[in-house]
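Biologist: I have a model open and want to learn how to read it. Can we take it feature by feature?

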Amino acid sequence: MPCARDWTKMSSSIFIRTGTAIVEIDRIKKAQKNKRFLSDYFSADEIRFFVNHKLNPNLIAENYCVKIAIAKALGSGMRIIHARDISVLRDRIGSPVLILDGIAKMMEQREGYVVELSVASCKEYATASVVVHK
């Protein structure tokens with residue numbers, strides 16, 4: 001069975017950090033009632049993606065978790081990195097695609113980071129895991 005990643009390259013990379021986050025879907029549903037929630041935390045591209053998917057709270061929660069997990073993995077927290085500078089869209093098969101901007105992009109480029117991410121959700125929770133390596 002072919003592997004999606006070339007693990008021989010991965011094993012020679014220097015491991016840096018991981019980050020993970022989990023959130024209750026109900027918290028996101030409540031937050032969506034606040035008109036500023038989406039514009040405060042998500043990029044314009046993400047908001048368009050959410051609108052195209054009928055503001056699905058699971059997708060919103062997954063993206064929210066990615067932002068927290070990346071901030072943890074980079075060690076900066078949300079004090080330095082702005083949530084809107086971390087965008088998560090989906091490719092044609094539904095896999096998350098990360099787009100960084102601002103300070104997050106600068107850190108990625110300056111340090112030569114490669115960011116791998118995984119998201120999941122169910123009826124009650126959404127989660128994201130991030131691995132940052134060089």
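Predicted model: local features only at pLDDT ≥ 70, side-chain atom pairs only at ≥ 80, totals over all residues.

Biologist: Now the strands. How do I read a sheet?

Modeller: Strands of a sheet pair through backbone hydrogen bonds, either parallel or antiparallel. Here, three strands form an open sheet in the order S1-S5-S4, and the pairing is antiparallel. S1 (15–24) and S4 (114–121) are the edge strands; each has a single partner, so one side of each lacks a neighbour in the sheet. From one strand to the next, the twist averages 10°.

Biologist: Which residue stands opposite Thr-18?

Modeller: Val-131 in S5 does. S5 covers residues 125–133, and nine bridges pair it with S1 in the antiparallel sense.

Biologist: What do S2 and S3 form?

Modeller: They form a hairpin, with five residues between the two strands. S2 (residues 86–90) and S3 (residues 96–100) run antiparallel and are joined by five bridges. Ser-87 faces Ile-99 of S3 across the pair. In the turn, Gly-94 has a positive phi of about 95°.

Biologist: What should I make of a positive phi elsewhere?

Modeller: Most residues other than glycine have a negative phi. Look at the loop between H4 and H5, where Lys-54 sits. Lys-54 is not a glycine, yet its phi is positive, about 55°. Leu-55 lies in that loop too. Its phi is about 50°, also positive, although Leu-55 is not a glycine.

Biologist: Is Lys-54 buried or exposed?

Modeller: Lys-54 counts as exposed, at 77% relative accessibility. Leu-55 is partly exposed, at 34%.

Biologist: On to the helices. Which strands does H5 lie across?

Modeller: H5 (residues 57–74) lies across S1, S4 and S5, and runs at about 145° to S1. H2 (residues 25–32) lies across S1 and S5, at about 70° to S1.

Biologist: How do H2 and H5 pack against each other?

Modeller: Read the angle and the distance together. Their axes are 9 Å apart and the packing angle is about 100°. The two helices are therefore roughly perpendicular. H2 contributes Ile-25, Ile-28, Lys-29 and Gln-32 to the contact, while H5 contributes Pro-57, Asn-58, Ile-60, Ala-61 and Tyr-64. By class, the contact residues are six nonpolar, two polar and one charged.

Biologist: At what angle do H4 and H5 cross?

Modeller: They cross at roughly 155°, and the axes of H4 (residues 44–52) and H5 come within 10 Å. An angle over 145 degrees counts as roughly antiparallel. That makes H4 roughly antiparallel to H5.

Biologist: Which residues make that contact between H4 and H5?

Modeller: From H4, the residues are Glu-46, Phe-49 and Phe-50; from H5, they are Leu-59, Ile-60, Asn-63 and Lys-67. This contact has four nonpolar residues, one polar and two charged.

Definitions and conventions: Residues numbered from 1 in each chain as written. Heavy atoms only, no water. Pairing = 2+ DSSP bridges. Helix = DSSP H or I, 4+ residues; strand = E, 2+ residues; numbered from the N terminus. Axes fitted to C-alpha atoms, helices over the stretch in contact; angles between N-to-C directions. Contact = heavy atoms within 4.5 Å. Parallel < 35°, antiparallel > 145°, perpendicular 65-115°, else oblique. Nonpolar A, V, L, I, M, F, W, Y, C, P; charged D, E, K, R; others polar. Buried < 20%, exposed > 50% of the residue type's maximum accessible area, 1.4 Å probe, protein only.
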